[in-house]
Amino acid sequence: MTAKTALVTGANSGMGLATSRELTARGYRVLMACRSQARGEAALRQVEAVGGSGSAELVLCDLADLASIRRFADDVHGRVSTLDVLINNAGVVSPKRQETQDGFELALGVNHLGHFLMTNLLLDLMKTSSDGRIIVVASGAYKAGKIDFEDPHLRQHYNVIRSYGQSKLANILFARELALRVHEQGIVVNSLHPGAVLTQLGVNRGTGFGQGVYRALGKLPAFQTPEEGASTAVYLADSPEVSGISREYFYRSQPHRLNRKAEDDETALRLWEWSEREVGLAP
Ligand SMILES: NC(=O)c1ccc[n+]([C@@H]2O[C@H](COP(=O)([O-])OP(=O)(O)OC[C@H]3O[C@@H](n4cnc5c(N)ncnc54)[C@H](OP(=O)(O)O)[C@@H]3O)[C@@H](O)[C@H]2O)c1
């Protein structure tokens, strides 16, 4: 039997690395999407060291650069003819306003718009799967978010909560709108909150800025390990129980209630059409 193929973004660290390790151990062919060759190769060695019946490979992609995402999509098309699982896991949070290569506010650009373009460019590969599953790693922080259509890139009044909250609300609205659009092709789309997980989210791995916070947080027992945090994504990717379940938001491997703004289908459609224009996919 041919191995199922899974693509994980942000696969070199935290939950993306834990997810890649687990899916490889379970027999998947895992494409590890990472932006840094060096960090990606180090992560690939860790995944390979676990063994298991699957395999892993590194594919470079900077989600803060639309041209890089387009090159990446071509690269993936050259490697596989079917994609069974896509896990949009990469994420950033920044106390200071930053921009992507294309001038997008960084969190909205990477967490939402980059994944929006990537997912759309890979959809044809998912349509050939008999059990295609798209998993969007969101966050309970969506509750603090609002889609600011007047100033989506937060040029005025930036703060980290508005930025991260908006990007994570966008993740959920995107997953719900996408689920409607791919329903006929038999692809399911779900989002999730992993809980509070001790990873290096927010650490600038170029400079190491922010490491101290994690050394301090590591002493608190309330945080899950990356493996525990990854368990809902692995469940959504691999459990037979999820076949046919779509448009849900999961927490601890269970469907979880969303608040009204995350279930607002008009906002989801408006965000979709705006995102198409931003990334150059609009007809
Ligand atoms: N940790 C939590 O408590 C928590 C709670 C709720 C939701 N989440 C969500 O969980 C997901 C995984 O985060 P984590 O906690 O595992 O953090 P993490 O260890 O910091 O992992 C984030 C990953 O995203 C990658 N990434 C960042 N910018 C990128 C870019 N421009 N292009 C490609 N990849 C990029 C990082 O790569 P580099 O190493 O190159 O930076 C890293 O591999 C995120 O979506 C986050 O929002 C986390």
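**Figure 1. Arginine 176, a residue of helix H5.** Our tour of this predicted model opens with arginine 176, which sits in helix H5, the run covering residues 160-182. Although arginine carries a charge that counts as positive, the relative accessible area of arginine 176 is 11%, so this residue falls in the buried class, for which the cut-off is under 20%. Setting aside neighbours within four places in sequence, its contacts are Arg247, Leu258, Ala262, Glu263 and Asp265.

Figure 2. Alanine 262 belongs to the loop that runs between strand S8 (254-255) and H8. A C-alpha to C-alpha distance of 9.8 Å separates alanine 262 from phenylalanine 174, while the two are 88 residues apart in sequence. Phenylalanine 174 returns in the next view as a member of an aromatic cluster.

**Figure 3. The aromatic cluster of Phe116, Phe174 and Trp272.** These three residues make up one cluster of aromatic rings, and the count for the protein comes to 5 aromatic pairs. One of the pairs joins phenylalanine 116 and tryptophan 272 in an edge-to-face arrangement, with 4.8 Å from centre to centre and 75° between the planes. Which parts of the chain does this pair tie together? Phenylalanine 116 is in helix H4 (residues 106-127) and tryptophan 272 is in helix H8 (residues 265-279), so the pair links parts that lie 156 residues apart in sequence. Both phenylalanine 116 and tryptophan 272 are buried.

Figure 4. Leucine 154 has a phi near 50°, and histidine 157 has a phi near 55°; in each case the value is positive in a residue other than glycine. Leucine 154 is placed in the loop between strand S5 (133-137) and H5, and histidine 157 is likewise in the loop between S5 and H5. Which of the two is buried and which is exposed? Leucine 154 is buried, its relative accessible area being 1%, whereas histidine 157 counts as exposed at 62% relative accessibility.

**Figure 5. Serine 246, between helix H7 and strand S7.** Serine 246 is found in the loop joining helix H7 (226-238) to strand S7 (249-251). Its relative accessibility is 23%, so serine 246 counts as partly exposed. Which residues does serine 246 contact, once neighbours within four places in sequence are left aside? They are Ala179, Ile187, Val188, Val189 and Asn190. Leucine 178 is 68 residues from serine 246 in sequence, and their C-alpha atoms are 10.0 Å apart in space.

Figure 6. With a relative accessible area of 14%, asparagine 89 is buried. Not counting residues up to four places away in sequence, it touches Thr9, Gly10, Met15, Gly16, His115 and Val137. Asparagine 89 and leucine 7 are 82 residues apart in sequence, yet the C-alpha to C-alpha distance is 9.9 Å.

**Figure 7. Stepping back to the whole protein.** The C-alpha trace spans about 50 × 45 × 35 Å along its principal axes, and 54% of the 283 residues count as buried. Of the contacts between residues at least 6 apart in sequence, 76% join residues at least 24 apart. The accessible surface is about 12,800 Å², with 49% of it belonging to carbon and sulfur atoms. Finally, there are 31 positive and 31 negative side chains, and the centres of these two sets are 6 Å apart.

Key: Residues numbered from 1 in each chain as written. Predicted model: local features only at pLDDT ≥ 70, side-chain atom pairs only at ≥ 80, totals over all residues. Heavy atoms only, no water. Buried < 20%, exposed > 50% of the residue type's maximum accessible area, 1.4 Å probe, protein only. Contact = heavy atoms within 4.5 Å. Areas by Shrake-Rupley, 256 points an atom, 1.4 Å probe, with all protein chains shown as cover. Charge placed at Lys NZ, Arg CZ, Asp CG, Glu CD. Phe/Tyr/Trp six-rings, centres within 6.5 Å; stacked < 30°, edge-to-face > 60°. Helix = DSSP H or I, 4+ residues; strand = E, 2+ residues; numbered from the N terminus.
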